[in-house]
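Please walk me through this structure in plain paragraphs. I have not seen it before.

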Amino acid sequence: MSKLLHIVNGDAFGDKLRASGIDGDILVWRESLYEGPIGMQMSDSVLLPIRAAYMNRRHCIPEMLFSSAVREQEEALDNLATNVSEVVLWLEHDLYDQLMLHYLLSRMYAMPSRAFQLFLLNIGEFPGIDLFYGLGQLTVDQIKSLHHKWAPVQEDQLRLAYKVWAAYSASEPLPLASLIEEDLSLFPFLKKALQANYDRYPSKLNGLNAIQQLILTLLAEAEMPISQLFHQISKSISGYGLGDLQFWSIIEDLRQCEVPLVQLIGGDNLPRYGDPLPPGFENWRVRITEWGKLVLGCEQDHLFLSGIDDWIGGVHLLGKEGIWRQNTATMGFLRM
């Protein structure tokens with residue numbers, strides 16, 4: 001029986017934690033929970049094939065590979081009660097990690113037997129690092145300094161995490177809009193993460209979400225190398241924890257829709273899962289189209305022009321009309 005298990009948010013940090021010599025086994029959690037359809041348990045027999053098909057369509061991840069990886073992770077969670085005596089979660093402040101945190105805690109809260117002790121290390125900064133993106137930035141020595149800095153997870157935190165995940169998994173965004181008004185101080189980074197999630201919804205003004213709006217705003221000034229655009233967007237919205245694959249798919253959404261808002265110069269298709277960067281990728285550029293300028297200026301509406309087929313948690317945004325959008329006047333939602 002392994003006495004201690006660390007659950008971490010990525011392979012880069014997992015490798016450094018392993019090199020630090022801190023005792024315990026390591027489970028790397030690789031689910032990107034801000035993409036695709038979501039449920040209360042990700043290995044659900046109805047949900048998983050739908051989710052695997054989405055990830056295949058979105059990133060070209062083989063469906064069998066994706067499904068088997070999810071089942072393996074979920075089985076590791078199910079076996080915690082019999083395999084370990086202590087679990088430590090190492091996570092960050094951004095939306096990617098906050099969703100991971102609340103899913104993991106909600107699953108543990110729902111376990112019929114929880115004999116292990118549960119601890120959390122959740123940080124949004126580190127001494128000496130001016131712009132903290134995440135744990136993967138830390139050196140092995142810096143990681144060693146965090147040994148036993150984790151805090152016990154309390155029962156009221158588990159209850160709140162379950163409530164958060166149930167709201168995020170709901171088929172309408174209204175439970176989440178209600179939740180964001182509550183006292184969420186048990187998790188210091190949660191409210192900001194939920195606000196970032198709110199910004200993922202299309203605007204009632206032009207059908208763009210906050211990331212799409214920022215992309216077009218930057219491109220309206222000048223066309224830009226796509227790598228530079230990614231780094232600039234990542235720096236501006238570090239609260240998302242956006243990866244390169246996710247960013248490429250956002251660009252493709254704007255480029256391959258019915259009425260394209262951006263144009264790719266230098267290549268045909270952006271990299272997908274397992275693809276190396278193509279030759280000369282550093283010279284590929286992105287340019288806003290005339291339609292993109294009209295949408296950016298709120299003279300046209302992206303969803304009325306091209307429609308949408310995507311998910312935010314349990315909410316399926318599908319079609320050209322009747323789509324849940326941000327009601328920026330109230331921080332609520334409306335359908336239009």
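His 93 sits in the loop between β3 (86-92) and α5 (95-109); helices (H or I, at least four residues) and strands (E, at least two) are DSSP runs, numbered from the N terminus. The model is a predicted one, in which local features need pLDDT of at least 70 and side-chain atom pairs count only at pLDDT 80 or more, while totals for chains, interfaces and linings use all residues. Residues are numbered from 1 along each chain as its sequence is written, and side-chain values use heavy atoms, with hydrogens and water left out.

His 93 counts as buried because its relative accessibility is 16%; buried means under 20% relative accessible area, exposed over 50%, and partly exposed in between (1.4 Å probe, protein chains only). Leaving aside residues up to four places away in sequence, His 93 touches Gln 98, Asn 122, Ile 123, Gly 124, Phe 132, Tyr 133, Phe 189 and Ser 238, where contact means heavy atoms within 4.5 Å. His 93 and Phe 189 are 96 residues apart along the chain, yet 5.4 Å separates their C-alpha atoms.

β3 also takes part in the packing of helix α1. In α1 (residues 11-20), the buried residues are Phe 13, Gly 14, Leu 17 and Ser 20. They lie on the same side of α1 because they cover an arc of only 120 degrees around the axis, the arc being that of the directions from the helix axis to the C-beta atoms. These buried residues pack against β1 (4-8), β2 (25-28), β3 and α6 (140-144). Exposed Ala 12 and Ala 19 are carried on the face of α1 turned away from its buried side. After α1 comes Gly 21, with a positive phi near 85 degrees.

α1 also contributes at least two residues to the lining of the largest pocket, as do β2, α2 (47-59), α3 (63-78), α5 and α12 (244-255). On a 1 Å grid over the protein atoms alone, a pocket is an open set of points where a 1.4 Å probe fits, with protein on both sides within 12 Å along at least five of seven lines; lining residues have an atom within 4 Å of a point. The largest pocket holds about 1,300 Å³ of space, a volume being the space filled by probe spheres set on the points. Of its 38 lining residues, Asn 9, Gly 10, Arg 30, Tyr 96 and Gln 246 lie nearest its centre. The largest share of this lining, six residues, comes from α3.

The second largest pocket has about 970 Å³ of space. α12 gives the most to its lining, with seven residues.
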